[in-house]
Amino acid sequence: MDSEPAADLSADLSRSLPGVPVMVSVCTTCKTTNGTVVGAPMLEAVRAALAGSASVQVRAVQCLSACKRAATVAVSSEGGYTFVFGDLDGAGGADAVATFVASYQDSDYGLVPWRQRPEVLRKGTLVRLPPPQWSPDDGRAPA
């Protein structure tokens, strides 16, 4: 489980992300263990769930290299955390991503606390990668 933000960060970085474009990347090559293609349908479901969302771009990617956790979606932005989620399915997974994106846009550095993520994303979080421009000595998230 993620810890709460606690470390200091240099003052020149923006904390919140309102208006910053968010990129949602959906793996289109994801298949279940029995070979059912789930990536392309997930892309369409995510596009539908995020239709009309300001400052959000949904794109197809060939592979996010999380093949055992299909379907896989990544959420990222310049200056924000990158999250990769797996084990998503259909409209429920797409709706969870849309809910997460709204919280991501309103959070400092896009860091949505674990308890504030939809349940399916709590269980399906594969990666939480900090923004590349900061690197606190203790490795903690910025306060």
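Colleague: Leaving aside neighbours within four places in sequence, which residues is V46 in contact with?
Modeller: Keep in mind that this is a predicted model. Contact here means heavy atoms within 4.5 Å. With sequence neighbours within four places set aside, the partners of V46 are V24, V26, V58, V73 and A94.

Colleague: Which residues have the most contacts inside the largest nonpolar core?
Modeller: That core has 33 residues. The ones with the most contacts inside the core are V24 and V46.

Colleague: And α1, within what arc do its buried residues fall?
Modeller: Helix α1 spans residues 39-49, and G39, M42, L43, A45 and V46 are buried there. Looking down the axis of α1, they line one face of the helix, because the arc they fall within is 170°.

Colleague: What covers those buried residues of α1?
Modeller: Both strands and a helix take part. The cover includes β1 (22-27), β2 (56-61), β3 (73-77) and α2 (90-106).

Colleague: How does the chain get from β1 to β2, and what is the hand of that crossover?
Modeller: β1 and β2 run parallel, joined by 6 bridges, and V22 stands opposite V56 in β2. The chain goes from β1 through α1 to β2, a β-α-β crossover, and its hand is right-handed.

Technical notes: Residues numbered from 1 in each chain as written. Predicted model: local features only at pLDDT ≥ 70, side-chain atom pairs only at ≥ 80, totals over all residues. Heavy atoms only, no water. Buried < 20%, exposed > 50% of the residue type's maximum accessible area, 1.4 Å probe, protein only. Helix = DSSP H or I, 4+ residues; strand = E, 2+ residues; numbered from the N terminus. Arc of directions from axis to C-beta. Core = buried A, V, L, I, M, F, W, Y, C linked by side-chain atoms within 4.5 Å. Pairing = 2+ DSSP bridges. Right-handed = clockwise from strand over helix to strand, strands pointing away.
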